[in-house]
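Trainee: Please pick one part of this structure and take me through it closely. I am new to this and would like plain words.

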Amino acid sequence: MSTHASDPLAALGSLPGVADAVDSVRKAVDRVYGHRVMRRRSNEISSEAGLRGARGSAALSGADWALEEVRRRTDFSADPEARTVGAALRLSAEAGQLLSIWRQSPLRVLARLHLVAAGEQLDSVGRPRLDGEAVDEPLVEAPLPAPAEVAARLDGLAELIVAGGDAPALVTSAVVHGELLALRPFTSRNGLVARAAERIVLVGSGLDPKAICPAEVGHAEQGRAAYLAAFEGYLSGTPEGVGAWIAHCGRSVELGVRESTAVCEALQRGAA
């Protein structure tokens, strides 16, 4: 991602397809917030969206469990897939506690997210990786930036977030997500952390203040192949590629809206 505009994130709004994606997401979010069930049972919708979002994020990281299995299970320590699902659930629960810190200290939040996701006390947990440290991120096979580049780009991203600006929430969340996937700043769980950070931006920006539009659901529904193809566009740095990644993230939010709308309908029918 590179641009010479004074507000780089806002400038991305002029990329191909981005304005349409932003408009479509805004309308979809407004519709679900206007659902009559939301007036009375928004906490239930938020809780269910968090669970389904965690399931979707875990699926992208290789643990594609049925929703009811995620809901039923209490022990997430048995095997690598279970630990991945447990990490996604912990991140979903933690994200809401970090909203007020994000705009002042995004790097502190990212460190906390990795600590929560890792679920263990190791020297490498909760800090960017060092020279020579391996990264366990089987989904993303793009070349790893060196730690020095990671540090510089994380600082740049943090400066943009702290400075604020006029960029739509969808654009900012997609860039945060894409940068973290590209950098893979931690030794593990980078995909889960990237998607949790995307969620924090969407909620903290005011687009989805009640956290009922889980983009992770949409990312999983579109599939790993589509996710990686869109991410390759982001990595390319071309206007078309970055625009396609933002549009892909927008479609994911819309699919998350569709999921929560279905939950609203089920609650209205008394079936959930």
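Mentor: Let us begin with one term: a residue is buried under 20% relative accessible area, exposed over 50% and partly exposed in between (1.4 Å probe, protein chains only). The model is predicted, and local features need pLDDT of at least 70, side-chain atom pairs count only at pLDDT 80 or more, while totals for chains, interfaces and linings use all residues. Residues are numbered from 1 along each chain as its sequence is written, and side-chain values use heavy atoms, with hydrogens and water left out.

The structure holds 4 aromatic pairs (ring centres of Phe, Tyr or Trp, its six-membered ring, within 6.5 Å; stacked under 30 degrees between planes, edge-to-face over 60, tilted for the rest). Tryptophan 65 and phenylalanine 76 make a stacked pair, with 6.4 Å from centre to centre and 25° between the planes. Tryptophan 65 sits in the loop between helix H3 (38-60) and helix H4 (67-72), and phenylalanine 76 in the loop between H4 and helix H5 (80-95), so the pair ties together parts that are 11 residues apart in sequence. Helices here are DSSP runs (H or I, at least four residues), numbered from the N terminus. Elsewhere, Tyr227, Phe231, Tyr234 and Trp245 form one aromatic cluster.

Now to H5 itself. Glutamate 94 belongs to this helix and counts as buried, at 16% relative accessibility. Apart from neighbours within four places in sequence, glutamate 94 has contacts (heavy atoms within 4.5 Å) with Arg112 and Val116.

H5 also gives the most to the lining of the largest pocket, with 7 residues. A pocket is an open set of points on a 1 Å grid where a 1.4 Å probe fits, with protein on both sides within 12 Å along at least five of seven lines; its lining residues have an atom within 4 Å of a point. The largest pocket holds about 520 Å³ of space, a volume filled by probe spheres set on the points. Among its 30 lining residues, Pro80, Arg83, Thr84, Asp136 and Arg189 are the closest to the centre. H5, helix H7 (106-118) and helix H10 (190-204) each supply at least two lining residues. By kind, the lining has 12 nonpolar, 10 polar and 8 charged residues (Ala, Val, Leu, Ile, Met, Phe, Trp, Tyr, Cys and Pro are nonpolar; Asp, Glu, Lys and Arg charged; the others, Gly among them, polar).

Most residues other than glycine have a negative phi. Alanine 211 has a positive phi too, near 55°; this residue lies in the loop between H10 and H11 and is buried, with a relative accessible area of 16%.

Serine 205 is also found between H10 and helix H11 (215-222). With a relative accessible area of 41%, serine 205 is partly exposed. Neighbours within four places aside, serine 205 touches Ala169 and Ile200. Its side chain reaches the backbone oxygen of leucine 202 at 3.0 Å.

Key. Polar contact = N/O pair within 3.5 Å; in protein donor to acceptor, adjacent residues only side chain to side chain.
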